Amino acid sequence: MSETITKKQPPAVALEPEKNDFELRIELFLVWLSKYGRFILYAAAAVVFGYAGVTLWKNYQAAKVAEANDILSEGQESFRKAIGETAWASPERAELMRAAREKAAEVIQKFPGKPIAHTALLLQADAYFFAGDQLGTTTNNAEAIRLYEQFIQEAVSPWEEALGRLALGYAYENRLFLSDDQSLLQPALEAYDAVRKLEGVGYLKYEATNALARLNAAYGRNEQAIALYKETYDARASLQPDPADPAKITTQAQMIMDQLRQRAGAFTVAATARVQLQRLGVDMDAYDRERAPASP
């Protein structure tokens with residue numbers, strides 16, 4: 001799936017003469033964001049919060065690390081508030097994300113080499129990515145990419161590596177559509193494809209599968225996109241949204257996950273695949289009937 005995709009050229013249209021290239025770029029980006037952006041952001045946010053809850057639970061026992069948990073929790077709360085209450089690339093979001101990064105940096109400085117510092121590194125990267133960049137700038141995105149790559153290098157399990165590579169793909173994809181720099185397409189494809197090749201990463205494999213499908217659809221390769229979305233949809237019975245036993249997740253993290261499900265329940269990987277298949281012209285009711293078990 002990582003072969004080069006040739007960008008599908010849009011049909012020629014008469015452009016309004018008073019619109020300059022920057023204005024047109026804004027319109028194109030907003031069209032892309034309205035079609036695909038919410039799927040990326042909901043999926044990425046759900047993955048981030050799920051990982052945060054598991055890690056907090058794992059590290060809660062030691063008194064010294066409990067101090068780090070408190071600091072990191074403050075950063076995660078700023079991050080949660082920014083995601084839930086502010087607009088993309090707004091000054092309010094920038095300030096909350098800056099607070100999240102500062103708390104993460106404090107953990108990294110006080111507890112170098114500890115697992116919770118690794119978690120804080122991910123929070124730093126996420127806070128840069130979700131702060132957003134205005135059109136024409138890529139400062140936050142570039143820093144997020146650097147930190148995601150560091151997180152991948154320090155990963156201690158396939159699941160952590162998959163999480164980092166998935167986030168890296170999101171960052172490249174977002175930057176691609178902000179800048180229209182086609183050299184960013186291949187790194188995004190490769191990041192997603194690498195997740196699909198890892199063993200034991202659960203639903204993250206299908207987050208990456210949906211991402212590959214989304215990019216194929218965006219470039220006019222609808223047959224490939226349909227095949228990938230069907231792969232996710234057909235695996236729906238085996239997909240688990242949480243990366244660990246819910247009984248081992250803190251009450252705070254469980255609350256966050258419940259809120260995400262209530263707010264974005266329709267955007268699980270399988271449900272997202274179904275919606276996108278319908279958009280691509282697949283009759284999903286007929287598809288379900290064809291694949292239903294035969295009656296005895």
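This is a predicted model: local features need pLDDT of at least 70, side-chain atom pairs count only at pLDDT 80 or more; totals for chains, interfaces and linings use all residues.
Let's start inside. The largest nonpolar core has 66 residues, and helix α6 (residues 158-179) gives the most to it, with 11 residues. Among the residues with the most contacts inside this core are F79, M97 and Y148. Leaving aside residues up to four places away in sequence, Y148 touches L122, A125, D126, F129, G164, A167, L168 and A171.

Now for the rings. The count comes to 5 aromatic pairs. In one of them, F79 and F130 have their ring centres 5.5 Å apart and their planes at 90 degrees, so this pair is edge-to-face. F79 belongs to helix α2 (residues 63-85) and F130 to helix α4 (residues 115-131), so the pair ties together parts that sit 51 residues apart in sequence. F79 is buried, at a relative accessible area of 1%, and F130 is buried too, at 2%. Ring pairs also join F79, W88, F129 and F130 into a cluster.

Finally, take helix α12 (residues 284-291). Which of its residues are buried? They are M284, A286 and Y287. Why do they end up on the same side of α12? They cover an arc of only 155 degrees around the axis, and that puts them on the same side. These buried residues pack against α9 (222-234) and α11 (269-279). At the start of α12, a side-chain oxygen of D283 comes to within 3.2 Å of the backbone nitrogen of D285.

Terms used:
Residues are numbered from 1 along each chain as its sequence is written. Side-chain values use heavy atoms; hydrogens and water are left out. A nonpolar core is a set of buried Ala, Val, Leu, Ile, Met, Phe, Trp, Tyr and Cys residues joined through side-chain atoms within 4.5 Å. Buried means under 20% relative accessible area, exposed over 50%, partly exposed in between (1.4 Å probe, protein chains only). Helices (H or I, at least four residues) and strands (E, at least two) are DSSP runs, numbered from the N terminus. Contact means heavy atoms within 4.5 Å. The arc is that of the directions from the helix axis to the C-beta atoms. A polar contact is a pair of N or O atoms within 3.5 Å; within protein, one must be able to donate a hydrogen and the other to accept it, and residues adjacent in sequence count only if both atoms are side-chain atoms. Rings of Phe, Tyr and Trp (its six-membered ring) pair if their centres lie within 6.5 Å; planes under 30 degrees apart count as stacked, over 60 as edge-to-face and the rest as tilted.
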